[in-house]
Amino acid sequence: MNSKTHKDPLFHISRKDPPVWWKRFGIRIIAVILALVLAGIVTLLLTKLNPIDVYLTMIDGAVGTKRRVWALIQKTAMLLIIAVAITPAFRMRFWNIGAEGQVLIGGFATAVVMLKLGGKVPTPVLFIIMVVSAIAAGAVWGFIPAFFKAKSNTNETLFTLMMNYVAIQLIGYFVLEWSVPKGSGQIGIINQKTQEGWIPSVGGNAYLVNVIVVAAITIAIAIYLNRTKHGYEIAVVGDSQNTARYIGIDVKKVIIRTMLLSGAICGIAGFLLVSGQDHTITKDTAGGNGFTAIMVAWLAKFNPLWMILTAFIICFLQKGAGEIATMFNLNLAFADIITGIIIFFIVGSEFFIDYKIVFRKSGKEVAA
Amino acid sequence: MIMFIQRAIIQGIPLLFGATGEILTEKSGHLNLGIPGIMYTGAIGGVIGAFLYENAVGPENINPALAIIIPLLCSIVLSLFMGLIYCFLTVTLRANQNVTGLALTTFGVGIGNFFGGSLIKLSGADVPSINLTATSNYFKAKLPFASSLGAVGEIVFSYSFLAYAAIIIALVAAFVLKKTRTGLHLRAVGENPATADAAGINVGKYKYCATCIGSVIAGLGGLFYIMDYAYGVWSNNGFGDRGWLAVALVIFSMWKPDISIIGSFIFGALLIVQNYIPNLSMSAQELIKMLPYVVTIVVLVIVSMRNKKENQPPASLGLPYFREDR
């Protein structure tokens, strides 16, 4: 098309069939190792600390004592349930980045019930109302963007993102309205004396119930996605909406139904955070987990069972890096830097799973 | 009233930088959710540069030109670096844009807070806190005749050079996107990369350039925030969720940089209006802070329902482009 001399490129990139599972696994392991090496170098440059020491401190900080182990398990469970919650939507290629808001609003509904009905109704009834209202609140927060996506194809990524901040500010409003003592700007521990609406400790373990609930939901969603008609419909809509329409799937219905489910589970996550962990509600109750969960879900390729591993790794890093920060008198944000580096590497490594680089002259295929 | 307009504009300028940068990026078909992180690194880049410079020469011998150039360059280099990470992963390696963007935000906010919290310890300086008022004063230098022109002067001429840069950059971006061949090509890449590729446009090059330039512009927003609005005093998470507000502003202005100038002033006004309503309770302030997001949602819904072509997000926003996938 122009007079430039045509030059063959040195290499080109083409798709390849997915490699066998151990190769896929190996590529990711290599990515994580490279990431840890780079993170170690960065640590060395920034802090002049021995990276091995730093990593050892990290391990100690994450699992050093029984208390820390349980804190880690609880953190993992909370991240896991949110990741599981957004998975049905993501499998449908509905980019629900509004988990933060859906969790918050679920937690908020729980807190409202605890505040207003705690001690006025029998405990089992109280718990039922708490769970139902948390589910309803989360589902509503998921329904609104889904409705507009189905109706007029409104961009769901941006919509759900904005819904987060609507939820945050709404909670900000009520936290100030109902603050105890008045004007303190926080609600404080709800029902501290009576412990009404608190998830009880089982066998001396405050988080056991949480963990069991999360495990049950994770397994249920894994089955729902892989073994039911609904799960199949979600997969088809995710692959191609045209195909879905062609084979008679009501795409709009699937979008709305799936987001109701996604929001509802986020609501449950909010319930667990408020009733089972914090016993209060603040703007930070979800604590960014709604965003972190997206990375967790994606790293696990939207497979709920793999998410147990990815959620654990992320939480391990965060807990461990928190320990580094206190030990070496550094800032807590150090954890975020390391998490970021590792995710960059894993995200980048996917390329070598899906594509191969073909060099022109040698004809040698470099399939990493 | 004059104070209100001034402060609204100062609040709006970081958002304007962020939004202009994000518009350029989105026009190339990339939804960069790393903008909040990039703005943080832009801010901390300026802080690092200024801090090292101030400590190296001592507060008495600061050269005004260097005091501006060094932080500016540091800020640009860091945000460019962030943009390159994003580009390499999403353009070259075709990684998922949402995940990459969110990771970039985690990373960038992490970098900001880490250096903000540990810079003193790391550099071994003997100062209690990061306080760059000296540098900030150079950044805040105003036109000398501003105050002599009365109200008009106060509203129009009383800002620092970065504020005018923001408006000029937005106008230039609007012009480039609307009126030039480069802009036409860029929009083509964002709407339909396959068609653009077939027309002989270097898709990868456009995506790289748009995203990197966008990142640098967004980073300047962070720099403006820290050096102008915050008087050079860094506080962790002080920047807040302004990065997401910038993303909201992109939607609000329907992907048009010139509209985002007005939009940024409106958002800026919404951010501070609670200070100017008498007898407003603390809790009601929280509701007012919700307004920018609600307004954005309303715009988003209306735009998608009216379905007018020129107001839509770029058609291939968020989708990776691979030549063989056709």
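Predicted model: local features only at pLDDT ≥ 70, side-chain atom pairs only at ≥ 80, totals over all residues.
Me: A crossing is left-handed if the near helix is turned anticlockwise from the far one by less than a right angle, and right-handed if clockwise. Is the crossing of H5(A) and H6(A) left-handed or right-handed?

Reply: Residues count from 1 along each chain as written, with chains lettered from A and ligands numbered from 1 in written order. Helices (H or I, at least four residues) and strands (E, at least two) are DSSP runs numbered from the N terminus. For H5(A) and H6(A), the crossing is right-handed.

Me: How is H5(A) directed relative to H6(A)?

Reply: Their axes, lines fitted to C-alpha atoms over the stretch in contact, lie 10 Å apart at about 150 degrees, on a scale from 0 to 180 between N-to-C directions. Angles under 35 degrees count as roughly parallel, over 145 as roughly antiparallel, 65 to 115 as roughly perpendicular and the rest as oblique. Therefore H5(A) and H6(A) are roughly antiparallel.

Me: Which element gives the largest share of the side of chain A that touches chain B?

Reply: Contact (C-beta atoms, placed from the backbone, within 7 Å) joins 43 residues of chain A to 46 of chain B. Elements giving two or more residues to this side of chain A include H5 (123-152) and H6 (156-177). The largest share, 13 residues, comes from H6(A).

Me: What is the average pLDDT of chain A?

Reply: In chain A, 93% of the residues score at least 70. Residues 362-368 are below 50. The chain average is 82.

Methods: pLDDT = per-residue confidence, 0-100. Contact = placed C-beta atoms within 7 Å.
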